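Dear colleague,

Please find the structure below, handed over for your study.

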Amino acid sequence: MNRVLLLLSVLSLGVSSQPITDSQRLFSIAVSRVQHLHLLAQRLFSDFEGSLQTEEQRQLNKIFLQDFCNSDYIISPIDKHETQRSSVLKLLSISYRLVESWEFPSRSLSGGSAPRNQISPKLSELKTGILLLIRANQDGAEIFPDSSALQLAPYGNYYQSLSGDESLRRTYELLACFKKDMHKVETYLTVAKCRLSPEANCTL
């Protein structure tokens with residue numbers, strides 16, 4: 001009798017927790033993918049900086065601090081406190097927009113090495129995963145009423161033939177912004193995933 005009750009308890013627990021388990025699994029996959037992209041972005045940026053002269057690094061860093069990334073037009077939390085107060089759906093929506101904003105610019109980061117060639121397909125996989133999470137959490141709400149609004153203009157000078165210095169600056173800007181945005185997405189998805197575990201400490 002005790003064995004039957006135990007079996008029924010396990011089955012009941014499994015049924016009631018199944019939606020949470022599925023969502024956690026999707027979140028785990030998405031977080032793992034963006035962590036991979038963030039680490040890749042860090043490595044590419046570090047390798048590029050290492051190929052520069054000290055003065056080139058100083059000048060490019062100075063210029064970048066004065067400029068804005070293309071994705072800065074996407075409204076997102078201004079600090080960790082606002083991030084923690086944001087809803088799961090809001091964090092997913094911002095993450096989706098950030099990832100989508102890199103679909104076109106990421107093509108210029110591809111080529112030359114196997115890691116670089118992973119960027120575009122990995123971004124596409126991550127975007128699909130985030131969209132699945134949005135649909136699972138939106139409860140019928142329309143998050144993207146106008147998909148055309150999500151399409152951001154490519155980075156400046158993308159179409160132009162650039163001089164050596166301008167090409168160097170564009171590459172630096174792309175790599176720095178890519179690293180910055182993947183860090184944002186990793187943070188947002190990690191916080192959103194944590195929300196599924198009420199007992200967890202989601203402090204950044």
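How many helices and how many strands does the protein have? The model, which is a predicted one, has seven helices and zero strands. Accordingly, its pattern read along the sequence is α-α-α-α-α-α-α.

Some values describe the protein as a whole. It contains 204 residues, and buried residues make up 36% of them. The accessible surface amounts to about 12,000 Å², and carbon and sulfur atoms account for 54% of that surface.

I would next draw your attention to one pair of helices. Helix 4 spans residues 88-100 and helix 6 spans residues 119-137; the two pack at an angle of about 155°, and their axes lie 9 Å apart. Because angles over 145 degrees count as roughly antiparallel, helix 4 is roughly antiparallel to helix 6. The crossing of helix 4 past helix 6 is left-handed.

Which residues of helix 4 and helix 6 meet? On the side of helix 4 they are V88, L89, L92, S93, S95, Y96, V99 and E100. On the side of helix 6 they are L123, L126, K127, I130, L131, L133, I134 and N137. Sorted by class, this contact has 11 nonpolar residues, three polar ones and two charged ones.

L133 belongs to helix 6. Is L133 buried or exposed? Its relative accessible area is 0%, and because buried means under 20%, L133 is buried. Leaving aside residues up to four places away in sequence, L133 touches S23, L26, F27, A30 and L92. Of these, L92 is also listed among the residues of helix 4 that meet helix 6. L92 and L133 are 41 residues apart along the chain, and their C-alpha atoms are separated by 7.5 Å.

Two residues of helix 2 complete this account. Helix 2 covers residues 54-66 and includes E56; Q59 is placed in helix 2 as well. E56 has a relative accessibility of 32% and so counts as partly exposed. Q59, with a relative accessible area of 33%, is likewise partly exposed. How far from R169 is E56 in sequence and in space? The two are 113 residues apart in sequence, while the distance from C-alpha to C-alpha is 9.5 Å. For Q59 and R169, the separation is 110 residues in sequence and 9.4 Å in space, again from C-alpha to C-alpha.

With kind regards

How values were computed
Residues are numbered from 1 along each chain as its sequence is written. This is a predicted model: local features need pLDDT of at least 70, side-chain atom pairs count only at pLDDT 80 or more; totals for chains, interfaces and linings use all residues. Side-chain values use heavy atoms; hydrogens and water are left out. Axes are lines fitted to C-alpha atoms, for helices over the stretch in contact, and angles run from 0 to 180 degrees between N-to-C directions. Helices (H or I, at least four residues) and strands (E, at least two) are DSSP runs, numbered from the N terminus. Angles under 35 degrees count as roughly parallel, over 145 as roughly antiparallel, 65 to 115 as roughly perpendicular and the rest as oblique. A crossing is left-handed if the near helix is turned anticlockwise from the far one by less than a right angle, and right-handed if clockwise. Contact means heavy atoms within 4.5 Å. Ala, Val, Leu, Ile, Met, Phe, Trp, Tyr, Cys and Pro count as nonpolar, Asp, Glu, Lys and Arg as charged, and the others, Gly among them, as polar. Buried means under 20% relative accessible area, exposed over 50%, partly exposed in between (1.4 Å probe, protein chains only). Accessible areas come from the Shrake-Rupley method with a 1.4 Å probe; for residues, only the protein chains shown count as cover.
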